[in-house]
There are 2 protein chains.
Amino acid sequence: MISLAVSPRIRHSPFYSSTVAAGATDFTVYNKMLMPTSFGDPAGEYQALTERVAMWDVGSERQVQISGPDADLCAQYLSSRDLSKMVEGQGKYVAMCDSDGVLLNDPVLLKLSGGRYWFSIADSDMLLWCKAVVAERGFDVKVCEPDVSPLAIQGPLAEDLAADLFGEHVRSLKYFWFIETQLDGIPVVVCRSGWSKQGGFELFLQDGSCGTQLWDTVAAAGERYGVAPGAPNQTERVESGLLSWGGDTTPQSNPYEAGMAAYVQPNIEARFIGKQALQKIEADGPDRLLVGLVFDVATEVGATWMIAERAPVCIGADQVGTLSVVVCSPRMGRTIGVAQIDRCVVESGDAVSVWGPAGLIAASITSLPFA
Amino acid sequence: MISLAVSPRIRHSPFYSSTVAAGATDFTVYNKMLMPTSFGDPAGEYQALTERVAMWDVGSERQVQISGPDADLCAQYLSSRDLSKMVEGQGKYVAMCDSDGVLLNDPVLLKLSGGRYWFSIADSDMLLWCKAVVAERGFDVKVCEPDVSPLAIQGPLAEDLAADLFGEHVRSLKYFWFIETQLDGIPVVVCRSGWSKQGGFELFLQDGSCGTQLWDTVAAAGERYGVAPGAPNQTERVESGLLSWGGDTTPQSNPYEAGMAAYVQPNIEARFIGKQALQKIEADGPDRLLVGLVFDVATEVGATWMIAERAPVCIGADQVGTLSVVVCSPRMGRTIGVAQIDRCVVESGDAVSVWGPAGLIAASITSLPFA
């Protein structure tokens, strides 16, 4: 762990003081905002997430809002996925790429009432990107970062909790669909989404001054379900094969190298940034693939194996990829990780190796998500 | 202090292991890279900087490189300052603004050999901004983040140290001018610059694999001058009135509100982003001004007064500005700070007040830098 100096350059989420009061022990900086990563009990947090319900401050998942007459055109131009049939109340997981097809971010895009879109972004400043594109291209839209901060509830009992809070109708929401509603007068967007595969919702708080009130309301309603404060969970997300943009990807990665092939449609009619480059990558096949690694190692080693920088994955003396995360999986009873590896190596099925805390460790490659 | 979780999303500077070995205790995240902020001895670090020479890992000050046939045109289009007379070997402190005149970054811009420019950036992802502008506008340039990481030497003896390392000719370098050279075969750009007013240089390492070698070489050569490891120093920078973009500024600040009026020239002939908006702001005068505050408080209080979020500055019940940093100044023997305050209040000369650790504290407004 590293001691982080305080600074107004690094923002606080509306839920910050609630998370500190709830015992947050570690943070990361995400979109220049503090985000809790642990409450000091990794096993308990995993258990709450996979067996009951966890609540997470993901306020640092900022929104880039596009609104105005050209909003449809502009949202499509910024996304490598067909949005032509997207309707209000619907969200889609999209790739945002540059003109070389490099993946700049992997947001969930929400289409809201009043012709507004929110790109709900990972850790890169797409506000700058979108502002520049809009100004230079002359789209008739406004781009801003609205006062919106998500609070996630995740886990098998999250739906029960959401139904208690917002009504039974939330049970019928499809994945990434949402409603715009209120909770005790607090404006929130309730979306079936979140960075786990345990099911759940993100409550997009639309008034930063009500962070503590929303946190307390959710915590109180969640008591009967054993809700526990937690944070985006590395162990569960690796087991589930969810992407960490900027962690699992490199500054050169394209969406095909990030496991996002299913969400990229370069051959649609609409214009969007990176279209030609992505057509070529799709035709040629990507150079690398995002895969799972299963290590030949006792799980105890995995539990203490923190990856601070992407580590080389090798066959003999040749580097064939990079490893970005290692966790000890309760579900599999194995030490597993996520790596980006040369496609020819993945297709060969050869074993690879990585330098771990106790020397060179062999690993086998598997597709994501882990079976 | 906050515990920061490790992650490959947050990069390491080429000097990272050297700073850890030298005893770095606290870090910040700057341009998604760890940057040391303290070595555990604030008084000693201030003394080394102001009386001898300090060496700082400022590798997180990343470069956005623009190169190619349209580089001159493009660099000017991205900067709110007249670059028409800029020559190779020269640097300039520039404002980068959006089309509303909002200050996006305050880099030093270096014009290098081979028609290359480096925007040496503060903590916002101008690589995204520049890539989008270039692609949409069709400038014939390449935009990239090169493998360049600055190591700063700052303090009254920094020039002696630089002369020992690179030769006597570096003494004749004017402020922000630089040379492209080598040190024991390591390619470096040596620029008279750095985030202090104690004099000194930034050594822009151009090969990240040589970070430890460069750090060790500078440390060894600096021994006779009493060089000490340090970090961008809040106390000295506040005394000297240097801007912390993103800390002292808000997401709405324009350069006139950030103390950068002298570096903005909206009435030049060349086209650049934000020109019209800046012309209007210059004509009307900015709404707010960046000023110094001198507090009516014992210096000991200032020493423990950490500003984690911009704090309201008030006159009675009315908020008239925001305070971004407070330090206990050895030079002035006073507790001082930097604030952005409504222009009419600044012009009135009225005293203001801020909630400090021991209650409401009165402060008088002064221009920057402190006299």
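Q: Let's start with helix 6 of chain A: which residues are buried there?
A: In helix 6 of chain A, the buried ones are A:Gly211, A:Leu214, A:Trp215, A:Thr217, A:Val218 and A:Gly222. Buried means under 20% relative accessible area, with exposed over 50% and partly exposed in between (1.4 Å probe, protein chains only). Helices (H or I, at least four residues) and strands (E, at least two) are DSSP runs, numbered from the N terminus.

Q: And where do they sit around the axis of helix 6 of chain A?
A: Looking down that axis, the buried residues of helix 6 of chain A fall within an arc of 165 degrees, so they line one face of the helix. The arc is that of the directions from the helix axis to the C-beta atoms.

Q: Before we go on, what kind of model is it, and what are the ground rules?
A: It's a predicted model, where local features need pLDDT of at least 70, side-chain atom pairs count only at pLDDT 80 or more, and totals for chains, interfaces and linings use all residues. Residues are numbered from 1 along each chain as its sequence is written, chains are lettered from A and ligands numbered from 1 in the order in which they are written, and side-chain values use heavy atoms, leaving out hydrogens and water.

Q: OK, new topic: how are the two copies related?
A: A rotation of 180 degrees with 0.0 Å of shift along its axis puts chain B on chain A, RMSD 0.0 Å. The two copies are thus related as by a two-fold rotation axis. The superposition is by least squares on the C-alpha atoms of residues with pLDDT of at least 70 in both.

Q: Which strands form the six-stranded open sheet, and in what order?
A: The order is 3(A)-2(A)-1(B)-1(A)-2(B)-3(B), with mixed pairing. Two strands pair if DSSP finds at least two bridges between them.

Q: What stands at the edges?
A: Strand 3 (33-38) of chain A and strand 3 (33-38) of chain B, each with a single partner strand, so one side of each has no neighbour in the sheet.

Q: How do strand 1 of chain A and strand 1 of chain B run, parallel or antiparallel?
A: Antiparallel, with three bridges joining strand 1 (residues 2-4) of chain A to strand 1 (residues 2-4) of chain B. A:Ser3 stands opposite B:Ser3 there.

Q: What are the bridge partners of A:Gly321?
A: A:Gly321 is the partner of A:Val313, and A:Ile341 in strand 20 of chain A is the bridge partner of A:Gly321.

Q: Which glycines in the turns have a positive phi?
A: A:Gly316, at about 60 degrees, in the hairpin of strands 18 and 19 of chain A, and A:Gly333, at about 65 degrees, in the hairpin of strands 19 and 20 of chain A.

Q: Last one: what is A:Val346 in contact with?
A: Leaving aside neighbours within four places in sequence, A:Val346 is in contact (heavy atoms within 4.5 Å) with A:Leu289, A:Val291, A:Ile341 and A:Ile365. A:Val346 is in helix 10 (residues 343-348) of chain A.
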